Each structure stands twice: as C-alpha cells, then as structure tokens.
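I opened this entry to keep track of what I looked up, one topic at a time.

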Amino acid sequence: MGVFWRKNDDGGHPQGVRPGAGDDGALSEPPAITSGHNALLRVDGLTVGFGAGPVVKDVSFSIAAGQCLALVGESGSGKSVTARALMGLAGESAHVSADAMALGGRSLKDLNPRQWRGVRGKDIGFVLQDALVSLDPLRTVGREIDDALRLRTNLSRNDRQARVLELLRDVGMDDPVLRAGQRSGELSGGLRQRALIASAIALNPPLLIADEPTTALDATIQAQVLELLESLRGAGTGLLLISHDLAVVSRIAQQVAVMNGGRIVEQGPTASVLGDPQHDYTKRLLQAVPSGHPRGTRLSAESLHVHDRADPPRADSGGSDAEPVLEATNLSKRFPTSNGPFTAVDDVSFTLSAGRTLGLVGESGSGKTTVARMALGLAVPDAGDVRLFGEPWSGISEKERRRRRPLIGAVYQDPLSSFDPRMTVEQILTDAVSRGRTVRAGARRAETARLLDMVGLPVTIAARGPRNLSGGQRQRVAIARALAPEPRIVVCDEPASSLDVSIQAQVLDLLDELQREFGLSYLFISHDLGVVRHMSDHVAVMQRGRIVEQANSEQIFTAPEHPYTQHLLEASPRLETS
Amino acid sequence: MTRPAGIGGRLAAAARWLLAKALGAAFVLWAVTTLIFFGIRMIPGDPAEAILGGPGSQASAEALAQVRAEYGLDQPLVVQYFAQLGRLVQGDLGNSYSLRMPVSSLLGEQLPATLTLALLSLVLAWVVALGLATWSTLSGRSASLVSSGLEIVGAAVPHFWLASVLILLFSINLGWLPPVNTGSAEGLILPVVTLALPLAGFLGQVMRESMLTATTSPFALSARARSETEGGVLFRHSLRHAAIPGIALSGWAFGSLISGAVVVETIFARPGLGRTLLNAVTLRDIPLVTGVALVSALAYVLVMALSDLAERIADPRVRGS
C-alpha cells in the first residue's frame with residue numbers, strides 16, 4: 001500500500017506507489033532522520049507523570065532546523081503533554097524527567113521557572129488549537145502580539161508597534177493596522193489563527209510548536225494556515241506539529257512519530273510511516289481515515305457492534321426509482337442583522353430518497369445547518385416548502401407537525417450540549433420514546449437495553465450521566481436517542497466532527513450499519529469532504545446559502561463541475577491510498 | 001467578522017442607548033410611584049389621623065375633615081393619583097406629614113449619609129472579593145477552599161447578626177470602635193463592614209470562579225508560552241476577566257446595599273434614607289415614603305446604567321452585540 005499526498009483528485013486512478021514523501025518541491029523535503037548532533041531539538045527518554053503513573057513514557061525524537069516532525073495520535077495519547085513539557089508548561093503537578101532534552105545545544109533539563117521563561121517565546125514559539133480561546137478575548141490582537149516584544153526586547157513603543165504590523169503582514173493579514181486593533185472575537189477563524197501564529201513567532205524562535213493548529217478550521221482556511229506554517233518551515237524554523245489529522249500530517253511533515261498510550265510506537269519519514277506502516281496502531285489509524293475508502297467499507301478495525309447476523313445488502317444505489325422521503329423546493333431563509341437582512345439559505349432544492357444518504361457539504365456559514373433546521377421543521381422557511389413523505393411539512397402548524405415528528409430524527413455534532421447533563425442515559429433514551437407519557441419501569445429498562453444494544457453499547461452505562469461517557473459513547477447514545485422513536489429519516493449534522501479518527505470511524509460504521517438494517521434515509525451534513533464522500537450516495541455542495549452543484553457522490557468527487565467544488569476538493573488535504 | 005462602525009455610527013448607537021435607558025428609567029419611576037400610591041392605601045388606618053399625630057391624638061371629627069380637605073384626601077382616589085403624578089413631574093415631592101417639612105429637603109439631608117455608606121461598602125466589598133479571588137488563584141487549592149468557605153459564610157450571614165457580633169467584639173469587648181454613630185469617621189467603620197462582608201461573599205464567588213477560569217484558559221497558556229510571568233497573567237488577563245461579572249453584579253449590589261442600609265442605619269443609630277423610610281412607614285407618612293422610594297429607585301436606575309456602561313467599557317464583546 002502506498003500513501004502519498006496529492007493536491008488534486010484525478011478521477012480515482014491512482015498514479016502508483018511512491019516511496020518518497022512526494023515529488024512536489026513545495027510539499028516535500030529530502031532530509032532523512034536527523035542524527036543527534038545536528039538536531040535543533042533533541043529529546044531522549046522523556047517521561048511525564050501526574051501522580052498516578054506516567055502519561056508520557058520514554059519518548060525520544062529530534063527535529064532539525066527547517067524540518068517538520070508531526071506527533072500524531074488520538075486524544076489522551078500524550079501528544080499535548082509532550083509539547084507542553086518542552087516548554088516547562090506541563091503544570092505544577094507534573095513530574096518531568098528525561099535522559100536528554102536539548103534545544104540548539106542548550107539543555108532544557110531541570111530549568112528553574114526563571115530559566116524556563118527565558119526559553120518561552122524566544123527559543124520556542126507555541127501555537128494552540130483554537131485562537132478564539134487562545135487569544136484573550138478582552139484584548140486586541142495587537143496587544144497580544146506586542147506582549148512578547150514588551151517582555152523580551154528593549155524596543156521602544158513605536159518600534160514594537162511597527163514590528164507588530166510587520167508580523168501581521170508576514171502572516172498574511174490584509175489590513176494590519178485594522179487587524180491590530182481588533183479582538184479575537186471580531187476576526188474570522190483563519191485570521192485569528194494567523195494572529196496567534198504572529199504572536200508565537202514575534203521573537204523569531206528557531207522552534208515552533210503547533211498543537212492542532214488547523215483543527216477548528218474549514219478546508220480552505222486550513223490550507224492557508226498550513227501554507228503559512230510551511231513557509232515558516234521553509235525559512236528555517238523547526239516545526240513540531242501535533243495533530244490527529246493524518247491528511248494534514250502527510251501534507252507538511254517530513255517526519256512522523258505515532259503516539260499511543262504515551263509511547264511513540266512508530267516513527268520515521270512521513271512517506272514510509274504512512275505508506276508502509278509497521279505497527280498495528282498506525283495501520284488502524286490509517287484504515288480509519290474515511291477518504292479513499294469506498295462507500296460501505298468498514299473503517300474501524302474492531303467492530304463494537306454486537307449484532308452477529310450478516311449485514312443485509314444495501315439497496316441498489318444509482319437507481320432513480322427510490323421513493324422520495326424528504327423533498328425541499330426553493331427553500332430560502334433570511335435572518336435580520338444590524339447590517340440588514342442576511343440570506344442564510346437561498347433557493348435551495350433537493351430530494352432525499354428512501355434508504356439513501358444525501359450529503360450536504362460546505363464551509364461554516366454556508367447555510368448547511370439552517371437547511372437542516374428547516375428539514376427538521378424547527379425553522380420556518382421564508383420561501384419554498386419542505387414535504388415529508390409527499391405531505392406538507394414546512395407550512396403546517398406545529399400541532400400537526402408534532403404528530404409526525406417521530407418520522408424524522410436528528411444527531412448533532414456535540415452531544416454533550418444536546419443532552420441534559422442531569423439526566424442519565426436511561427432517562428435520555430426513555431424521554432425520547434415516551435414523549436411525555438409515563439412508561440412502566442420494566443418496559444423502560446427493556447427499551448433502554450434494546451436501544452443501547454442497537455448502537456453497540458453495554459447496558460451498564462444506562463445509569464451514567466452524559467459527562468461520564470467518552471466522546472464516542474456519547475455520540476452512540478445520541479444516535480440511539482435519535483432512533484428511539486423509530487424514525488425513517490435522520491438528519492446528521494456533523495455527527496463525527498468532534499471525534500478522533502478511529503472513534504469517528506466507529507460512529508460512521510455504525511450509521512452505515514443502521515442504515516442498512518432499518519432502511520434509514522440520511523441527510524448527512526459535514527464540512528469534511530472525506531467523510532461525506534464515504535457516507536453519501538448523492539452530494540449537494542453549498543456556498544453562501546446556495547447549492548452550487550448537486551450530483552451523485554462519485555461524480556462530485558471525481559469530476560466536479562462547479563469551480564467552488566473544485567476549489568474545495570483542492571483545498572482539503574487528503575490521504576490517498578492505493 | 002464585524003465591520004468597525006464609524007464615529008457617526010457609534011454616536012448614533014450611544015444616543016439610542018441613552019434614550020432607551022432614559023425611557024426605562026421613566027417607566028421604573030412611574031411604576032414605583034403607582035405601586036406605592038395604591039399599596040400604602042391598602043394598609044388599614046386613616047392618613048388624616050396620621051397627619052394629626054396618629055390614633056393616639058384623639059383628633060375631633062372636624063379637625064379630621066379639615067385635614068382631609070386641606071390635603072385633598074376627600075377627593076376620589078384617581079383624582080388624588082393624578083394630582084400626585086402632576087406634582088411629581090414638576091419635581092414637587094410634597095410635605096412630610098409627620099415632620100411638617102418639604103420631603104425634598106428631608107431627603108437632601110439624609111441622602112448623602114446613605115450614599116456614603118453604600119458606596120464605601122461597595123468599594124470594600126470589591127477589595128475583599130478581589131483579594132480573596134487573587135489569593136486563591138495564586139496560592140492554589142487550599143487557599144481556594146478557604147476563600148470559598150469564607151465567601152459562603154459571608155454571603156449567608158444576615159446584616160443584623162453580623163452587626164451585633166461586630167459591636168460585641170470591637171465595641172464592647174475590645175472597645176476600639178464606637179457602637180453607635182458619633183458623627184466621626186470611626187463610626188462609619190462598623191456599619192460599612194457590616195454591609196460589605198455579605199456582598200463581598202457574593203461578589204467573591206463569581207470573581208474567583210471567572211478568575212480561575214481565566215488563569216487556566218488557553219489564552220493564559222498562550223501568554224505563558226510568550227514568557228509572560230504569573231503576575232503578568234494575573235494583571236494583564238485574569239483580573240479583567242474576574243472584574244466583568246463583578247461589574248455586572250454591582251448595579252444589583254448597590255440596590256441591595258440601599259435596602260441593607262435600612263437595617264444597618266437603625267442598628268447603628270445612623271441618619272440616612274433607611275432610617276427615614278422606617279420611621280415614615282411606621283407613621284404612615286405617605287409623601288415621605290414615596291419620596292424615599294423614588295429617590296432609591298432613581299439611584300438604583302442610575303447605578304444600573306453606570307454598571308452597564310462600565311461593563312461595555314470593560315468587555316468589548318458586550319459592545320459588539
């Protein structure tokens with residue numbers, strides 16, 4: 001199996017196995033594994049613990065100037081703790097030990113707080129995931145960037161101001177003077193992340209640590225931020241990239257270290273680790289990436305699903321005779337804002353057929369969720385109408401709609417905020433079935449057990465609250481809740497977007513199985529093209545409230561016609577396996 | 001992304017804000033007047049009798065009738081109501097029945113004492129609350145537990161109990177401070193502390209919480225990664241985050257201080273609106289009750305507007321919305 005990064009999709013005809021990291025000069029770099037003496041950063045036997053047992057165990061790696069090492073793994077694998085230990089920010093309760101930990105020949109072992117402060121910002125820059133919360137919302141971006149200069153240089157106020165503007169220009173801000181005076185809440189996700197990067201590179205640190213720098217971003221913005229990191233690396237900065245996204249990693253890292261349970265289980269050049277993985281865990285991670293896997297193939301290695309009967313075959317897709325279950329015609333929705341009405345959805349039409357999945361892709365703010373809300377009958381369209389099983393759905397009173405609500409269920413991105421935190425799993429599920437009626441304890445327990453079994457969860461979690469579940473378990477409970485009233489249609493709004501890749505794989509597999517088993521129809525919303533491609537029969541691409549292109553999945557992904565679709569495909573980093 | 005508004009847009013927004021506040025204030029004052037006017041007449045007893053010195057005065061029927069005619073109390077209630085509204089609009093609060101003086105001059109004498117007491121208490125409450133929040137943020141978990149305990153006790157303690165304990169301790173046992181008002185600054189200490197501590201408990205709880213959230217937030221981590229010191233994180237980031245809920249609560253807090261002043265002024269025998277109100281209610285002195293209530297309501301509305309303004313200055317996110 002060969003894995004490589006390609007900027008474009010050429011129609012599903014892979015060009016063959018490539019041994020190297022790629023042949024594109026901008027995207028690859030030749031250096032092999034750095035040996036100890038010319039490394040910028042060298043870590044040997046790093047172990048970090050918080051009282052009970054180490055969470056990072058005997059981790060060793062090195063990074064050369066102008067090189068990017070990616071630390072990949074799932075949440076809780078110890079990536080972030082490793083990064084923070086390198087800056088002395090693992091926390092007061094952390095026990096950090098290492099055989100060697102050196103940056104540019106200077107040891108980072110056993111530094112006192114004062115010495116650590118000397119390292120931070122000056123020798124190592126640090127970029128966190130979500131700039132909305134990683135920049136102080138009460139202070140302007142200019143002041144945040146200025147902090148590093150104020151603390152560590154003798155520049156005058158005017159010189160610092162000039163340097164802040166220069167930095168903002170360097171990271172590609174359009175209007176530095178305006179941006180310097182704005183706060184993180186006033187900036188878009190991409191600009192915010194750029195500002196955060198500017199604050200991290202203010203003192204030209206030779207090493208930059210980026211902890212999930214693009215995770216919260218849309219594909220287009222993600223590509224821009226990656227380009228920025230890539231150009232910093234090209235200018236000689238060493239880059240430690242922490243990510244759970246293998247597609248991002250394959251795009252900019254020369255070296256990859258895979259972490260699992262606090263240990264590095266495999267490391268080496270990106271092409272060989274991702275192209276020819278040796279360790280089981282790495283193989284599983286790669287298998288779980290949805291893009292490149294045809295519709296219907298399993299993503300998760302170990303099935304948590306408890307059904308032992310064979311999966312029924314999927315209804316033949318491609319036929320046009322399937323019964324339409326949900327039809328939207330010329331939907332429009334406007335919201336009033338202080339700058340006049342904002343058209344969130346503009347003349348959108350689509351048809352969802354029985355047993356099929358319609359994928360809705362687009363970047364944030366493109367109107368996907370508003371469409372979902374109208375499909376669910378939770379928002380009233382300003383124009384156009386929605387029909388459910390051929391009968392009116394949008395233009396009727398809530399009283400009439402309520403009777404038919406069980407036909408259509410919903411699964412949202414963040415189940416934690418869509419569950420009442422004070423209810424147990426059993427209460428959540430019973431609530432969904434009973435809809436206000438009292439249900440006897442015996443029947444309640446049986447129903448809960450049946451629903452939990454359906455989504456592959458043990459019945460023992462019925463008494464737990466949503467806060468005491470893992471992300472994957474929570475999303476399974478959300479799916480069970482959606483299925484409790486036995487709907488025919490499920491609207492899935494970013495159902496797996498907040499999950500680690502292998503958990504995401506399990507959830508997607510589960511949705512797929514349930515669709516076959518119950519003949520469900522999905523309206524599947526995601527910004528992740530790989531996920532949409534894996535899940536959908538038909539795909540509609542949304543941009544600024546309009547559907548710009550709509551076709552069957554293969555056609556959209558192999559022969560996109562609209563420039564915006566082409567642009568989206570190009571911007572989204574993807575792992576292609578052949 | 002929001003477009004930054006021009007100067008003109010900002011002025012227009014400020015004008016809209018002021019207008020909304022003024023209309024709201026007018027409504028509140030009208031509602032207070034109306035509620036008191038009708039509410040006080042539901043209490044059994046005859047205002048004319050109250051004017052003549054209360055039930056003990058054994059006033060003759062002629063005297064009562066004369067007083068009723070003089071004060072317009074023989075008119076239908078609605079006529080009296082509109083007559084009073086008319087006078088209030090002109091700024092005439094009427095004469096006190098019991099003290100035979102214009103209500104406005106009585107209030108003028110009493111208001112400064114209560115305002116001083118309330119403002120000093122507010123300042124002290126802020127200092128104590130911020131102190132506890134900072135201490136528990138800087139000194140870790142045990143400090144946090146101690147502060148949290150102190151805050152809960154403080155917030156739960158009633159004014160009259162706290163006043164008694166403070167008097168027992170500092171006046172009777174230690175003899176450091178006077179137990180009642182002497183007109184000196186020393187006499188202010190115990191009343192101010194009595195009013196401030198329960199409020200400090202309330203404020204401290206929210207401030208400590210948001211300060212702790214700010215110190216452990218990703219932006220504080222980012223600041224440390226830029227080599228910011230712990231003190232810098234506190235002063236440049238956390239303090240402001242802690243102050244915002246405190247500012248938002250301060251308008252409400254000021255109202256609670258004025259009502260707390262009724263008890264505290266009585267216990268410490270201090271002059272002020274609170275004691276005046278208590279006397280006026282006991283004597284069914286309708287103009288004085290109305291006057292005190294209106295002045296308190298006005299003060300409350302003004303302080304609410306100020307705290308709203310302060311919050312807008314401290315928190316750019318509120319300004320944007």
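I began with helix α9 of chain B, residues 218–225, in what is a predicted model. I asked how many of its eight residues are buried. The count came to seven, and I noted the helix as mostly covered. I then listed the buried residues of α9(B): F219(B), A220(B), L221(B), S222(B), A223(B), R224(B) and A225(B).

Next I looked up what covers these buried residues of α9(B). From chain A, the cover includes β8 (124–127), α3, α4 and α7. From chain B, α8 (186–215) and α10 (230–267) are included. I also checked what comes after the helix: α9(B) is followed by S227(B), and the phi of S227(B) is positive, near 75 degrees.

I turned to the contact between the two chains. I found 26 residues of chain A in contact with 21 residues of chain B. Which elements of chain A give two or more residues to the side that touches chain B? I noted α3 (131–134), α4 (141–152) and α7 (189–200). Of the elements, α4(A) gives the most to that side, with four residues. I sorted the residues of the side of chain A that touches chain B by kind and got twelve nonpolar, five polar and nine charged.

Last, I looked at the domains of chain A. The domain assignment gives domain 1 as 40–123 + 205–288, domain 2 as 139–202 and domain 3 as 325–577. I looked up how far apart the centres of domain 2 and domain 3 of chain A are, taken over C-alpha atoms, and wrote down 39 Å.

Methods:
Residues are numbered from 1 along each chain as its sequence is written. Chains are lettered from A and ligands numbered from 1 in the order in which they are written. This is a predicted model: local features need pLDDT of at least 70, side-chain atom pairs count only at pLDDT 80 or more; totals for chains, interfaces and linings use all residues. Two residues are in contact if their C-beta atoms, placed from the backbone, lie within 7 Å. Ala, Val, Leu, Ile, Met, Phe, Trp, Tyr, Cys and Pro count as nonpolar, Asp, Glu, Lys and Arg as charged, and the others, Gly among them, as polar. A residue is buried if 20 or more other C-beta atoms lie within 10 Å of its own, exposed if 12 or fewer, and partly exposed in between; C-beta atoms are placed from the backbone. Domain bounds come from an automatic or database domain assignment.
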